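Student: I have a structure to look at and would like to go through it step by step. Could we take it one question at a time?

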Amino acid sequence: MSSQGKLEVRDISKSFGSLKALDDVSADFSPGQIHAVLGENGAGKSTLMNVLAGFLTPDRGMATLDGSQIPLGHPQDCRRLGIEMIHQHFTLVPAFSVEENLALAGLGDSSGLLDRAALAEPSVLAAKRLNWNLDLKARAGSLPVGAQQRIEILKALGGRAKVLIFDEPTAVLSPDEVEDLFRVLRELKAEGLTVILIAHKLAEVMAIADAVTVLRGGRFVASAQIGEVDAQKLADWMVGEMPERAAAPVAETLEGGLEVTDLWVKGSRGEQAIRGISFQIHRGEILGFGGVDGNGQLELAEALAGVRPAERRGWFLFDGRPDPAPVGYIPQDRQTDGLALGMSILDNLLVTGHRKPTLNAGPFLRMAAAVEWARELIAKFEVKAQGPLVPAGALSGGNQQKLVVSRAFDEDPDLLVAVNPTRGLDIRANRFVHEKLLEAKRHGAAVALISTDLDELFAVSDRVVFLSRGELSASQSSLGLLGSESVPTQEEGAGEA
Amino acid sequence: MRFEPALLRFGRWAAILVVLLLVLIGALVAFGLPVGESLRLLGEGAAADKFGVARTLMKSTPLLLTGLGVAIAWRAGMYNIGGEGQYVVGGLLGAACASFLAAAPAAPLGTAGILMACIAGGAIWAWLPAWLYVRRGVDVVISTILLNFVAIQLLGYAVSGPLRGAHEQVPLTEALPQAIMLHHFDPQTDLHMGAILALVTALLAWVLLFRTKLGYEIRISGASPGVARAYRIDGNRARVLAMLLSGALCGLAGGVEYVGSAGQLGIGFSQQWGFLGIPVALLGALNPIGCVPSALFFGALFAGSENLGRFTSAGDTLVYVIEALVVVGVVALQIAAQRRTATS
């Protein structure tokens with residue numbers, strides 16, 4: 001393997017609609033180094049790496065590998081040049097054997113006849129060189145996650161890899177497997193490869209990286225050798241300055257509200273996502289939940305909204321009563337959980353509306369009343385649409401979100417649960433949503449705002465707490481990012497093969 | 001793939017009619033038939049006199065009922081391909097009920113009882129795949145297809161065994177007494193009360209889907225399982241109920257054939273009406289009202305092709321070819337429309 005692999009990135013910009021995912025980003029990556037690209041969710045790290053691997057075409061900018069220009073936007077050509085990406089979600093075919101999976105990577109270059117052994121050979125040689133045990137006949141799907149990841153790496157090494165990009169490789173691994181992966185990364189580095197590691201966990205970066213580049217909000221913040229920085233410095237770079245409060249919190253909170261005691265919630269894979277947290281949200285208060293995605297935010301929101309069962313009963317008191325008050329819910333993903341894009345605006349509003357006593361009569365819907373009600377909501381929330389029978393998918397992102405918000409506010413909810421309610425919105429729609437949250441609070445609702453956007457949290461919340469591995473902590477410095485004694489882990493994953 | 005009913009709006013009916021005509025002409029050309037003459041024969045067979053009209057309506061009746069069944073299940077995202085099996089089991093349970101009632105067949109009550117049994121039979125045959133899906137995630141397409149074969153074997157067993165009529169030379173059930181059969185409007189034609197029943201059912205199905213809470217829950221559960229879940233709609237309940245309704249309608253189709261025209265069951269009772277309901281529902285945009293002209297179109301084709309078959313080499317085959325082309329056409333339209341929305 002050559003010791004070439006100097007990757008230079010210059011002024012790359014990429015927008016998705018009105019969202020600037022990358023804004024004039026430049027960085028240098030050297031061979032024989034593990035270079036971490038660090039940032040919060042939405043910072044642009046994955047976008048940048050997808051650009052370098054050819055999966056996305058940037059709007060502007062260029063990149064060179066050992067002086068020759070990379071054919072951005074052409075993934076096959078990028079591979080041929082030696083840039084390989086190890087995706088977070090593996091691209092293995094579970095039902096295929098290891099050998100067949102390895103052969104698949106070389107299939108693009110072969111003729112019509114299939115010679116599995118020959119196609120897999122470069123990867124097998126790489127495994128020999130690295131002293132990795134490899135059971136070529138094993139079914140890929142039956143292997144532990146860490147082993148599957150190694151096969152992904154071997155697929156990459158079977159080509160002409162000079163640059164290996166890892167997309168958050170530790171996210172799916174158990175602690176032991178993380179240790180193994182780090183050993184592998186060091187071996188790859190010793191081979192002279194340029195290893196790029198997308199990460200948002202500080203402790204991991206401090207443990208393994210030689211150099212680090214930090215992105216925030218699509219912009220380049222800083223690059224440094226790891227010896228020149230400490231975890232605190234990196235954290236500051238990642239999240240920026242603590243924003244000033246837009247408005248002082250209301251001094252007098254109202255009587256009553258939500259009281260949550262010892263809440264335990266399981267995630268979709270059976271893992272303990274929320275671990276015995278307790279908190280109060282008074283009426284007239286917005287409580288912000290911050291923290292890095294995947295620390296229980298989704299499960300907390302779904303438990304509060306009554307979508308996901310809580311494990312212990314009696315956890316939920318509103319105004320001292322155990323029955324759930326009217327809850328307004330703004331789910332995280334408006335395209336999958338918020339709206340049925342193929343259905344009309346009216347049908348989308350009816351998802352809550354069909355239960356309203358004014359809109360039904362026994363088992364029947366009162367359509368005339370429903371249309372009238374939908375028109376009123378559209379007007380009140382300034383949704384730009386031709387009428388209530390237009391498909392929701394025909395609306396712009398901002399108007400779609402207004403629709404979701406209007407539905408949550410319709411019945412003057414006592415409790416409002418909002419998850420990243422402004423993600424992907426432009427400034428005007430963003431402000432609109434924030435105004436509505438503040439309005440709900442003024443009307444005496446208890447508001448749970450769950451967001452990964454610190455600016456948003458501090459702009460509208462009265463108090464902010466942070467979720468870290470399913471537990472609450474009061475301040476950002478205990479985000480769980482900074483623990484240097486241990487690598488942040490997820491308990492699950494080990495047995496999940 | 002997911003079928004988006006919204007992509008096939010009524011505004012496209014004109015375009016669809018032109019396409020259907022072209023498909024028809026293309027099929028005639030492919031069959032090597034003189035186009036003008038064949039169209040005339042088709043038209044005459046389907047609508048020239050009261051016999052043609054009656055044939056068209058009679059053929060449309062089971063098509064409409066199974067089409068409605070398919071539409072409701074597919075709206076819930078349950079791609080029920082088991083209409084044929086549900087139709088057959090419906091007929092079978094009806095025949096079993098008739099053999100019980102044989103002692104005292106009071107006309108209106110007996111007929112109603114048999115039809116209820118048919119509805120129950122179809123619903124049971126649809127409940128099984130629905131339950132397997134909800135409990136074990138068994139793919140509905142696969143299980144419903146396979147249950148068709150089970151139902152047809154069951155039919156063969158029943159008509160040659162337990163339900164075989166005492167005086168029948170061939171495997172057939174006892175013929176129903178004329179008093180039990182559905183009312184025939186005109187003794188010269190085969191048209192019976194079932195046509196009205198199907199039309200009323202279409203209206204009821206439309207009301208159910210678009211004017212009731214249950215219908216709404218069925219539609220949203222199919223259109224977006226994520227939204228249904230996030231807003232605490234019990235998607236599994238909606239899916240199971242949609243399948244029950246779907247099976248009930250297909251079973252009713254079997255019942256209407258049984259007490260409407262067949263009068264007794266044999267191996268030949270399975271005549272693909274359950275499968276043919278799929279193109280009816282697709283052309284009808286999964287809308288019960290849309291299914292009415294759609295069923296009439298295919299019913300007319302069947303009636304017309306009988307006439308065509310009297311004078312040329314072609315027969316029912318033509319209809320099946322056209323049905324298949326319609327399914328392909330609707331799927332192609334879907335994909336084209338999805339591409340357009342994806343790129344815009």
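Student: Which residues does Phe279(A) touch, not counting residues up to four places away in sequence?

Tutor: Keep in mind that this is a predicted model. Contact here means heavy atoms within 4.5 Å. By that rule, the partners of Phe279(A) are Leu258(A), Glu259(A), Val260(A), Leu287(A), Phe289(A), Leu300(A), Leu304(A) and Leu472(A).

Student: How many residues are in the largest nonpolar core, and which have the most contacts inside it?

Tutor: As a general point, nonpolar side chains in soluble globular proteins tend to be buried together. In this model the largest nonpolar core holds 97 residues, and the most contacts inside it belong to Phe279(A) and Leu300(A).

Student: Which helix gives the largest share of this core?

Tutor: Look along chain A at residues 367-380. Six residues of the core come from there, and the helix is α12.

Student: And how many residues does the second, separate core have?

Tutor: Turn to chain B for some of its members, including Ala71(B), Ala76(B), Tyr87(B) and Leu301(B). This second core has 87 residues.

Student: Is Thr173(B) buried or exposed?

Tutor: First find Thr173(B) in the loop between α6 (140-160) and α7 (194-211) of chain B. Its relative accessible area is 3%. Buried means under 20%, so Thr173(B) counts as buried.

Student: Which backbone nitrogen does the side chain of Thr173(B) reach?

Tutor: Among the residues in contact with Thr173(B) are Ala95(B), Val159(B), Gln264(B) and Leu265(B). At 2.8 Å, the side chain of Thr173(B) reaches the backbone nitrogen of Leu265(B).

Student: What do the buried residues of α6(B) pack against?

Tutor: Helix α6(B) has 21 residues and spans 30 Å from its first C-alpha to its last. Its buried residues include Val140(B), Leu147(B), Leu155(B) and Val159(B). In chain B, the buried side of this helix packs against α4 (83-101), α5 (107-136), α10 (235-262) and α11 (273-283).

Student: What area is buried between chain B and chain A?

Tutor: Start with the contacts: 20 residues of chain B meet 29 residues of chain A. Carbon and sulfur atoms give 57% of the buried area, which is about 2200 Å².

Student: Which residue of chain B meets Glu302(A) in a salt bridge?

Tutor: There are two salt bridges between the chains. In the one formed by Glu302(A), N and O are 2.7 Å apart, and the partner is Arg229(B).

Note on methods. Residues numbered from 1 in each chain as written. Chains lettered and ligands numbered in written order. Predicted model: local features only at pLDDT ≥ 70, side-chain atom pairs only at ≥ 80, totals over all residues. Heavy atoms only, no water. Helix = DSSP H or I, 4+ residues; strand = E, 2+ residues; numbered from the N terminus. Buried < 20%, exposed > 50% of the residue type's maximum accessible area, 1.4 Å probe, protein only. Polar contact = N/O pair within 3.5 Å; in protein donor to acceptor, adjacent residues only side chain to side chain. Core = buried A, V, L, I, M, F, W, Y, C linked by side-chain atoms within 4.5 Å. Expected span 1.5 Å × (residues − 1). Buried area = accessible area lost by both parts, 1.4 Å probe. Salt bridge = Lys/Arg side-chain N within 4 Å of Asp/Glu carboxyl O.
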